[in-house]
Amino acid sequence: MNFWEYLGNRYQQLLADAFQHASAVFQCMVVATVLGVLIGVLTYRSEWAGNLATTAASGILTVPSLALIGLLIPLVGLGVAPTVIALVLYGLLPIVRNAIVGLRGVDPTLVDAARGIGMSRAAQLVRVELPLAWPPILTGIRVATQMLMGIAAIAAYASGPGLGNEIFRGISSLGSKNALNQVLAGTLGIVLLALLFDAVYVLVGRLTIPRGIRA
Amino acid sequence: MPETPVATSGAAAGSGAASASGAASASGAAIRLENLTKQYAGNPYPSVDNVTMEIRAGETVVFVGPSGGGKTTLLKMINRLIEPTSGRIRIDGEDVTDMDPVKLRRKIGYAIQSSGLFPHMTVAQNIALVPKMVGWSKSRVQDRVEEMLDLVGLDPGQFRGRYPRQLSGGQQQRVGVARALAADPPVLLMDEPFGAVDPITRDHLQDELIRLQHELHKTIVFVTHDFDEAIKLGDRIAVLRDRSHIAQFDTPEAILTNPADDFVSGFVGAGAALKRLNLTRVRDVEIADFPTVTVDDPLQDIFDKLRDSQGNELLLLDRHRRPYKWLRRGDLSRAKGSLARAGTLVHDTVTRDATLRDALEAVLIDNGGRVAVTGRRGEYTGVVDMATLMNSVQEMLEADRLEAAEHRSAGGLPEEGLEHPFVRDAGGPEGPA
């Protein structure tokens with residue numbers, strides 16, 4: 001069976017896996033974005049807290065994903081839980097870092113102006129600082145998504161959902177006639193999904209970055 | 001500069017609307033600073049040291065002084081962007097030192113260097129910010145945006161939807177002023193607002209501000225390090241030295257003619273007498289009559305007048321009584337009786353609103369040493385010459401000196417106290433009774 005025939009035979013299974021993969025990444029990204037921006041907002045004003053947040057987030061990233069998922073299994077069991085936790089943790093770093101850098105990069109005279117015309121602290125953040133920091137934050141989200149696409153494949157190790165199952169199945173049956181097809185289908189599927197997401201982010205950027213600060 | 005034609009037409013159209021609404025707008029409030037001190041932790045000296053100052057309602061006070069002297073700190077304490085370590089701030093008699101700073105700032109306009117416009121909002125959104133925050137209705141906010149754009153000389157139709165980066169520096173600064181004035185605050189704080197624009201634009205903006213203030217009568221506190229700007233804009237100038245100690249707080253005239261000490265005279269710089277000329281208008285000096293004839297007068301009359309006039313000279317006016325040519329005795333006969341060829345063209349005139357400096361400039365260029373003064377439609381009203389200017393300047397300086405001497409004997413100048421802030425008497429000459 002060549003690769004195309006394989007795809008023709010298994011497309012339903014593949015589509016289901018791809019959908020689950022995308023859905024897992026998307027949901028984890030939403031959580032990671034909310035958490036990451038929140039951490040950024042809470043820490044960017046303080047030199048040490050901001051640095052601590054960035055260092056902690058990059059510390060997590062140095063843990064190999066397979067090891068992290070393996071460590072999570074005894075704590076939360078198999079399946080969705082370790083997948084979600086691992087993905088959210090890995091997704092945090094680029095978002096936290098870019099949120100902090102973005103918020104710190106807002107021109108201090110603009111913050112002074114916002115304060116000076118009588119904006120409350122919350123209004124300064126929501127109406128001035130976050131919109132101005134949004135382009136770097138969005139870049140962080142984009143990088144995180146790309147990263148999670150790959151990492152999500154590892155989740156299959158913990159019986160997680162997604163295209164990783166295809167890859168693991170292929171690897172565990174190396175030498176059988178469909179092994180290569182499975183690995184190839186899983187990998188290409190992930191690459192395709194990643195490209196699709198990236199296209200969506202370009203669109204999101206067009207829609208959410210105000211014209212006045214668009215590059 | 002692309003803004004000029006639009007801006008001027010807009011300004012002309014706008015001034016009418018603005019003055020109509022001007023009656024309803026809030027004019028200035030008095031500001032009183034009492035023993036204001038700002039001490040930053042870890043700093044041996046306070047940045048602002050025990051400043052007491054009274055700013056009258058509707059006047060423009062300029063803080064001028066060297067960089068790092070604490071003048072911006074002093075300004076930012078008025079809207080409590082910087083909280084004073086001690087001392088009180090009163091606006092219109094009300095103690096605002098402990099009120100909610102967010103509410104306070106919505107009642108105080110704030111314009112800063114390089115405009116401080118939010119780049120992700122359109123011009124209209126920027127201007128609408130404060131009115132929206134204080135809860136104006138949508139339609140009122142929208143009307144106000146149009147009105148403010150008109151007021152600062154920008155065509156609303158053209159500029160409303162633009163983003164700040166699509167504007168020139170001068171236009172951004174205008175929008176910045178419009179935003180500061182949008183909710184009609186009685187007090188306007190301006191922190192070197194024109195510091196980042198080119199000299200020509202700055203000059204325009206200063207003129208605009210003077211015109212605005214003429215209509216609005218806000219209380220304006222303006223910070224600059226440019227003494228010439230201070231002279232041009234200020235009703236009174238506070239020359240601040242280190243730690244915002246007031247070296248002198250007086251009218252520009254008094255500071256120019258009678259600097260309190262070496263620090264002030266150093267800051268005034270060279271050419272105080274020349275700068276003084278900027279403060280007086282042509283209408284304030286004696287405008288002399290000059291024998292005139294018009295182009296429609298019979299030639300014989302012109303000859304007769306020329307012969308009778310003592311100065312051997314006539315000013316020839318055109319049909320609209322505008323100065324046209326200087327005619328000397330003999331010019332006519334040399335030109336064989338043709339008015340078209342006789343005499344020298346008047347190439348420069350000044351209006352009654354021009355500064356004496358402009359007049360002096362014109363007189364110096366003119367080979368006869370005089371310049372014709374014109375009214376609103378360019379019609380002749382008189383002549384100013386070198387002698388008049390010199391006399392006026394002498395009188396002016398003399399009067400300034402007398403006034404300043406009186407001032408000083410009345411104890412109007414703040415005295416410099418001891419170095420140590422805690423030993424100093426809290427009040428000073430203007431302290432609370």
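**A sheet in chain B and a look at chain A**

User: Happy to start with the sheet: in which sense does E15(B) pair with strand E16 of chain B, parallel or antiparallel?

Analyst: Keep in mind that this is a predicted model. Strand E16 covers residues 370-374 of chain B, and three bridges join E15(B) to E16(B). Among the facing residues, Thr349(B) stands opposite Ala372(B) in E16(B). The sense of the E15(B)-E16(B) pairing is parallel.

User: And which residue of E16(B) is the bridge partner of Val350(B)?

Analyst: Strands of a sheet pair through backbone hydrogen bonds, in a parallel or antiparallel sense. Here the partner of Val350(B) sits in E16(B), and that bridge partner is Val373(B).

User: Which strands stand at the edges of the sheet, and why is one side of each left without a neighbour?

Analyst: The sheet is open, with mixed pairing, and its three strands follow the order E15-E16-E17 in chain B. Each edge strand has a single partner strand, so one of its sides has no neighbour in the sheet. From one strand to the next, the twist averages 35 degrees. The edge strands of chain B are E15 (349-351) and E17 (380-385).

User: Which helix packs on this sheet, and what angle does its direction make with that of E16(B)?

Analyst: The helix touches E15, E16 and E17 of chain B. It is H15 (residues 356-365) of chain B, and the angle between its direction and that of E16(B) is about 135 degrees.

User: How many residues of E16(B) are buried?

Analyst: Both faces of E16(B) are covered. On one side the buried residues are Arg370(B), Ala372(B) and Thr374(B), and on the other they are Val371(B) and Val373(B). E16(B) is therefore largely enclosed by the rest of the structure, and its buried count is five of the five residues.

User: Moving to chain A, how many helices does it have?

Analyst: From the N terminus on, its elements run α-α-α-α-α-α-α-α. Chain A has zero strands, and its helices number eight.

User: What share of the residues of chain A counts as buried?

Analyst: The C-alpha trace of chain A spans about 70 × 40 × 20 Å along its principal axes. Chain A exposes about 10,500 Å², with 71% of that supplied by carbon and sulfur atoms. Of its 215 residues, the share that counts as buried is 47%.

User: Is Asp112(A) buried or exposed?

Analyst: Asp112(A) lies in helix H5 (residues 108-116) of chain A. Leaving aside neighbours within four places in sequence, Asp112(A) is in contact with Lys76(B), Leu81(B), Tyr110(B) and Ile112(B). Because its relative accessibility is 15%, and the cut-off is under 20%, Asp112(A) counts as buried.

User: Lys76(B) belongs to H2(B), so which residue just after H2(B) takes a positive phi?

Analyst: Helix H2 (residues 71-78) of chain B has seven of its eight residues buried, so it is largely enclosed by the rest of the structure. Those buried in H2(B) include Leu74(B), Leu75(B), Lys76(B) and Met77(B). Just after H2(B), the residue with a positive phi of about 60 degrees is Arg80(B).

User: Last one: what distance separates the C-alpha atoms of Leu192(A) and Ala18(A)?

Analyst: Leu192(A) has its place in helix H8 (residues 179-208) of chain A. With a relative accessible area of 59%, Leu192(A) is exposed. Leu192(A) and Ala18(A) are 174 residues apart along the chain, and the separation of their C-alpha atoms is 9.6 Å.

Conventions:
Residues are numbered from 1 along each chain as its sequence is written. Chains are lettered from A and ligands numbered from 1 in the order in which they are written. This is a predicted model: local features need pLDDT of at least 70, side-chain atom pairs count only at pLDDT 80 or more; totals for chains, interfaces and linings use all residues. Side-chain values use heavy atoms; hydrogens and water are left out. Two strands pair if DSSP finds at least two bridges between them. Helices (H or I, at least four residues) and strands (E, at least two) are DSSP runs, numbered from the N terminus. Axes are lines fitted to C-alpha atoms, for helices over the stretch in contact, and angles run from 0 to 180 degrees between N-to-C directions. Contact means heavy atoms within 4.5 Å. Buried means under 20% relative accessible area, exposed over 50%, partly exposed in between (1.4 Å probe, protein chains only). Accessible areas come from the Shrake-Rupley method with a 1.4 Å probe; for residues, only the protein chains shown count as cover.
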